[in-house]
Amino acid sequence: MRTFSKSSKLDNVLYDVRGPVVEEADRMISEGQNVLKLNIGNPAPFGFNAPEEVIHDMAHNLRESQGYSNSKGIWAARKAIMQYAQIRRLPNVSMDDIYTGNGVSELINLCMSALLDDGDEILIPAPDYPLWTACATLAGGKAVHYLCDEQADWNPDLGDIEKKITDRTKAIVIINPNNPTGAVYDRDVLIRIVEIARRHELIIFADEIYDRLLMDGYQHTSIASLAPDLFCVTFSGLSKSHMIAGFRVGWMILSGNKRVAEDYMEGIKMLSSMRLCSNVPAQSIVQTALWGNQSVETYVVPEGRVTKQRDYCIDRLNSIPGISVVKPKAAFYCFPKLDVEKFHIKDDMQFAYDLLKDERVLVVQGTGFNWPENDHFRIVYLPMLTTLQEAMDKLEHFLSYYHQ
Ligand code: PLP
């Protein structure tokens, strides 16, 4: 009998946020066990709802959203994004430079496919949001990871970036605010990354999907605003800032020096046309969501739900012997460090698996984010405080006896 195996192109793709731990959790849930899921940045299941006005406007526009749109997106959505680009001071952006996508995910894939030839290198942070590594690899490129420094509030290590540039390096990816660390990069660091990119003639890809989820009064700077003479692509969307990940609304903005990227932009346009267009009902709410009342702000003020949940988790984690964690400034993730000597941890996936089996708490191991050591894991602090309390109690109990 003929059997089918997956394409060999997938053999080198690093994308281990799924894998045996999640599969075991799914199996346990299907058996009726109650697993506390701290593994996924999907706000809706945890009681975060889209603003009513957004739901209303999507319903209102449904009848008129049945056909394909312009492959870059409908005018009103792109206009709203264009105005957003103006407020964020992105230089040299015209309506033609804005693309909507079925989430940022689709656009990351598209940009990597349009750019990378076999063996071309792209600098990606470690830890990263692993889709970047997966898409770069699938496109035939080589993901080269530069370190972010936990001692420096998880800012990128500039020396490591410099060290890893070769004559095949085409671009650098900046994820700011960062998933999984929750870091917001210092403006000075961004300026220095721009200097490096300028010196080595790199494209900057800026994934800024959490740019409206900042706490403690921190300000976010779009790196593209500091680089008018470089070609930059900035990504954002509504999945996180508006808690509507399921609607699949993302966009990208090309800015700065477009003369150096004319051919690449042709490639982007070609791939965008090949997928015809992004979900049109979803595009119809971009204007409503981006402007006017921003309900997400109520979550990230000092007494807001996300801030309170973060503070609770960070205090609890830092009080557990053998764990330390840098306080995140944005998004809804933290990336705690484990004392691997104390717990004899050699394999962080085994740690996540054992925690799941013993305590029914699901987290993601640090190596799932292309972190090179087996000494971190990621927690999503979106679940209700009562769930987080239970999860922290269980984690504390687990680490009181765990020895790998
Ligand atoms: N970029 C980062 C840094 C993310 O954390 C995520 C989702 O978790 C995405 C992109 C994907 O977003 P979207 O829902 O727009 O595809």
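These legends go with close-up views of a predicted model.

**View 1. A three-stranded open sheet, ordered E11-E15-E14.** The pairing here is antiparallel. Strand E11 (333-334) and strand E14 (364-365) sit at the edges with a single partner strand each, so one side of each has no neighbour in the sheet.

**View 2. Zooming in on where E14 meets E15.** Strand E15 covers residues 377-380, and two bridges tie E14 to it. The two strands run antiparallel. Look for valine 364, which stands opposite arginine 378 in E15.

**View 3. Helix H8, end to end.** H8 spans residues 262-274, 13 residues in total. From first C-alpha to last it reaches 19 Å, close to the 18 Å you'd expect at 1.5 Å a residue. Just after H8 comes leucine 276, which takes a positive phi of about 65 degrees.

View 4. Which residues of H8 are buried? They are Tyr264, Met265, Gly267, Ile268 and Ser272. Looking down the axis of H8, these buried residues fall within an arc of 155 degrees, so they line one face of the helix. Over on the other side of H8, Glu262, Asp263, Met270 and Met274 are exposed.

**View 5. What covers the buried residues of H8.** The cover includes helix H4 (103-115).

Methods. Residues numbered from 1 in each chain as written. Predicted model: local features only at pLDDT ≥ 70, side-chain atom pairs only at ≥ 80, totals over all residues. Heavy atoms only, no water. Pairing = 2+ DSSP bridges. Helix = DSSP H or I, 4+ residues; strand = E, 2+ residues; numbered from the N terminus. Expected span 1.5 Å × (residues − 1). Buried < 20%, exposed > 50% of the residue type's maximum accessible area, 1.4 Å probe, protein only. Arc of directions from axis to C-beta. Contact = heavy atoms within 4.5 Å.
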